[in-house]
Amino acid sequence: MAMWLLLPRLCLVLSSLTGVARSASPVVLQWLNASAAENPQIPPGVGRALSALIIGHGGRLVACSGKNLLAFHRNGSFAWIVPLGYNCRQDISLVTERDKIYLVTEDNKVIKISPQSLQTSTPSSEVFFSHNPAPGRSEQIIGLSTSSSYSSLFITIANRGLFSFSLRDGQLQWSAGPVIDRFGYRLGCKGNISGCYFSSAPVVDQCEGTLYISNTKGQLYSMFIHSRQYRWIQDLSSIDKVITIAPGNNGRLYILLPRKSVVLGLDVLTGNISWQQSIGPLSNEKILPAVDSNGWISTGSLDGFLYSVSPDGEIRKFLQKTAPNSVIHASPVLDCSGFSVYISQTIMEAKSSQTIGDYTYVSAMKPSSILFTLLAPATGTVYWTEKYPGQLSNLLSSSDLEYFRLDETILLTTLSAARIGSAVQCYTKRQKIAWTCRKAKPKFVHGDPGDHNHVLLLFFFQLFVIVIQAVVVRFCCIFWRKKKLQKNNGLQKFLEKRRSLHSKRRVLGKIISELEQKAAQDASSNETLEHLGEMVKAKECIERKLYTSYSLGRDVLGLRRGSSSILPLYNGKHKSHSFHGTQRESITIFNMLSDSSSLEEDKSSSSYSSSSGSYNGSSSGDMEFDTGSRSAGEAGAGPSNTADVTEGDQDKLPADVESSYQVFMNPLYAQGESSSRSLSEREEFLMPQGSAPAKRMWLKRRRTLSSMN
């Protein structure tokens, strides 16, 4: 139901509060005399006007009067004064950011005041921003706000737009207008855009990192602080075009429509209306509701009730006992804890209300007293209540505020700064915001898109997670396609076999180490070398299985190993050479010279040729070999580490060469690898360099290729 108010705003004038006479401080007297000289039209004895009080740095009360900025202590005594040189606007509230204060003057300037510079040679005030309107255009500053997280000051100028300035250097960061053109489609300012402009002060949501502002057409804008990008636009013109914005800092945005007496709760992510509640008639269109740290929005009504609505839309009414004969026309003020509000009820001698159509008319006469109350909307607890006149009269009459015209809003701010009736712990502005942000429901909590460092960290974290997931998925796909797992053996048998192979490899490794030490001490022991060769070959077979069929990756054809060799081996009597072919088999040739060999045959070389590659070896002529050494058949006891020489081929060899050349596989450095092909026999040609054609020999070598498993 729409409400229209005929009751003018009540103003409590404390000029009648003479109380006990006291002398003003010398600074106040000096300022009063200077103010009287500048404004001779003000009658003597009439208090000077004050703008709305704010609680600044250190808990001081700060207000503007004329061309000066004044500060008062919590008890109302005078603190300091800063000459501005410009008349400040009374209808625009001051803004504080840490130890700086910003205000708007009547000639469209924003003044920056630094109170800490009062005792230094540095000027305590300076012009932060100045705007000269175009001829014939109304381009007055409507309001301003700050964001400590982004170190920005936001200014709304009628018929121009919204401007963001850096608090560090005063440079323009960005600007935005009420009309947006996206892909040829216009957003914002329905109908005629000539009379459409931003009509409210910018409101900052500290938790979401967004700005809210409305235009003259009843549209509400949400935009990111770090840029001029709009988040959403909500059209509320179907309800009303006059909008008061109150950030919840808890995932909710509260909209008060004073002419309709309606409170809306909006989702900050989408701008959709979550709930709607009707309240009593309000005193004026510029009334500001209070939002406490629990997320409850509270505002007084001319029907005498205090209306409070929770973040979920639950509505409560307080002060029922005194409501019938009272009105509330001042905005509530939060206490220092942020969980309670100060309320003033004006007790009237007579009050009447009448509803005609969509409007409610309230009339009242002869205020008799004022009832101040401190209560917590979330719990309904009343902490303190006091009537005026009463003890509060003595408090005000003993302060320097008695020289000014005061209304109920100023008195409520004074009570909050003085912590009258408050027994709870006080919190700083940052602590209050942190508390409300934690109270936000998880579905409304989102990272701030304006924080580039957090966005970058989040991006790299997500990229890392995606890479890990891709590696895991690829590994699983390769692993589950293994043949050993597809033969109905199951994962358990596969892992048991893999553990068994690892155990065998460790045992063989210990045996090989012991045999290597034994072979190093007695290299002439062929039995040790044979045993060592068998162990090396068995270990390599196990390793091939671990790296292929029983690996955790894909099945491969074989184990790739280096082709280098440490041979030749030399123990003073025997010398051997190791060769490797393109098929990666290994062969070692032992050259042994008999006593009947000539000096020309002491220096010999063997040439080995096959279809897969060629090998060359030579033996030093100064090497003596024992003619009584083991024959080729005896030395080749191991079937896998010798190159067999058949008896038929031995018969073809000359008698003087048969006892001089023997072919062995090196048992210590066997490098033969598995292949899928079956065993084959090849003929090798061995011819010492410098020998006669009659000494040409043919040796038949059986090439042994083990299977992969």
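Does histidine 329 count as buried or exposed? Histidine 329 counts as buried, because its relative accessibility is 2%, under the 20% limit that defines the buried class. The model is predicted, and its confidence therefore comes ahead of the structural detail below.

**Confidence of the model**

- The average pLDDT of the protein is 74, and 68% of the residues reach a score of at least 70.
- Over residues 1-23 the pLDDT stays under 50. For this stretch the model has 71 contacts beyond four places in sequence.
- Residues 557-709 also stay under 50 in pLDDT. Here the model has 275 contacts beyond four places in sequence.

**Disulfides**

- A disulfide is a covalent bond between the sulfur atoms of two cysteines. The structure holds four of these links.
- When the bonded cysteines are counted along the chain, the pairing pattern reads 1-2, 3-4, 5-8, 6-7.
- Cysteine 64 is bonded to cysteine 88, with 1.5 Å between the sulfur atoms. The torsion about this S-S bond is about -110°, so the disulfide is left-handed.
- Cysteine 64 belongs to strand β3 (residues 61-65), while cysteine 88 sits in the loop between β5 (78-83) and β6 (95-97); the pair therefore ties together parts that are 24 residues apart in sequence. Cysteine 64 and cysteine 88 are both buried.
- Cysteine 189 and cysteine 196 are joined by a disulfide with an S to S distance of 1.9 Å. This disulfide is left-handed because the torsion about its S-S bond is about -75°. Cysteine 189 is buried, as is cysteine 196.
- Cysteine 207 is linked to cysteine 437, S to S 1.6 Å. The link is left-handed, with -95° about the S-S bond.
- Cysteine 207 is buried because its relative accessible area is 17%, whereas cysteine 437, at 25%, is partly exposed.

**Aromatic pairs and a charge over a ring**

- A pair of aromatic rings is described by the distance of the centres and the angle of the planes. The count for this structure comes to 15 aromatic pairs.
- One of the pairs is phenylalanine 128 with phenylalanine 165: the ring centres are 6.3 Å apart and the planes stand at 80°, so the pair is edge-to-face.
- Phenylalanine 128 lies in strand β9 (residues 125-130) and phenylalanine 165 in strand β12 (residues 161-166), so that distant parts of the chain, 37 residues apart, are linked. Phenylalanine 128 and phenylalanine 165 are both buried.
- The pair of phenylalanine 339 and tryptophan 435 is edge-to-face because the planes stand at 80°; the ring centres are 5.6 Å apart.
- Phenylalanine 339 is in the loop between β29 and β30 (341-356), and tryptophan 435 is in helix α4; the pair links distant parts of the chain, 96 residues apart.
- Phenylalanine 339 is partly exposed, with 22% relative accessible area, and tryptophan 435 is partly exposed at 34% relative accessibility.
- A cluster of Tyr102, Phe128, Phe129 and Phe165 is held together by ring pairs.
- Lysine 317 is placed over the face of phenylalanine 305, at 4.4 Å from the ring centre.

- Helix α3 (residues 408-418) is mostly covered, with nine of its eleven residues buried. Among the buried residues are Glu408, Ile410, Leu411, Leu412 and Leu415.
- Aspartate 407 caps the N-terminal end of α3, where one of its side-chain oxygens lies 3.3 Å from the backbone nitrogen of threonine 409.
- Just after α3, arginine 419 adopts a positive phi of about 60°.
- Histidine 329 is located in the loop between β28 (326-327) and β29 (333-334). The side chains of histidine 329 and glutamate 408 are joined by a polar contact of 2.9 Å, and Glu408 is one of the buried residues of α3.

Key: Residues are numbered from 1 along each chain as its sequence is written. Side-chain values use heavy atoms; hydrogens and water are left out. A disulfide is a pair of cysteine sulfur atoms within 2.5 Å. Helices (H or I, at least four residues) and strands (E, at least two) are DSSP runs, numbered from the N terminus. Buried means under 20% relative accessible area, exposed over 50%, partly exposed in between (1.4 Å probe, protein chains only). A polar contact is a pair of N or O atoms within 3.5 Å; within protein, one must be able to donate a hydrogen and the other to accept it, and residues adjacent in sequence count only if both atoms are side-chain atoms. Rings of Phe, Tyr and Trp (its six-membered ring) pair if their centres lie within 6.5 Å; planes under 30 degrees apart count as stacked, over 60 as edge-to-face and the rest as tilted. A charge sits over a ring if NZ of Lys or CZ of Arg is within 6 Å of the ring centre and within 35 degrees of the ring normal. pLDDT is the predictor's confidence in each residue, from 0 to 100. Contact means heavy atoms within 4.5 Å.
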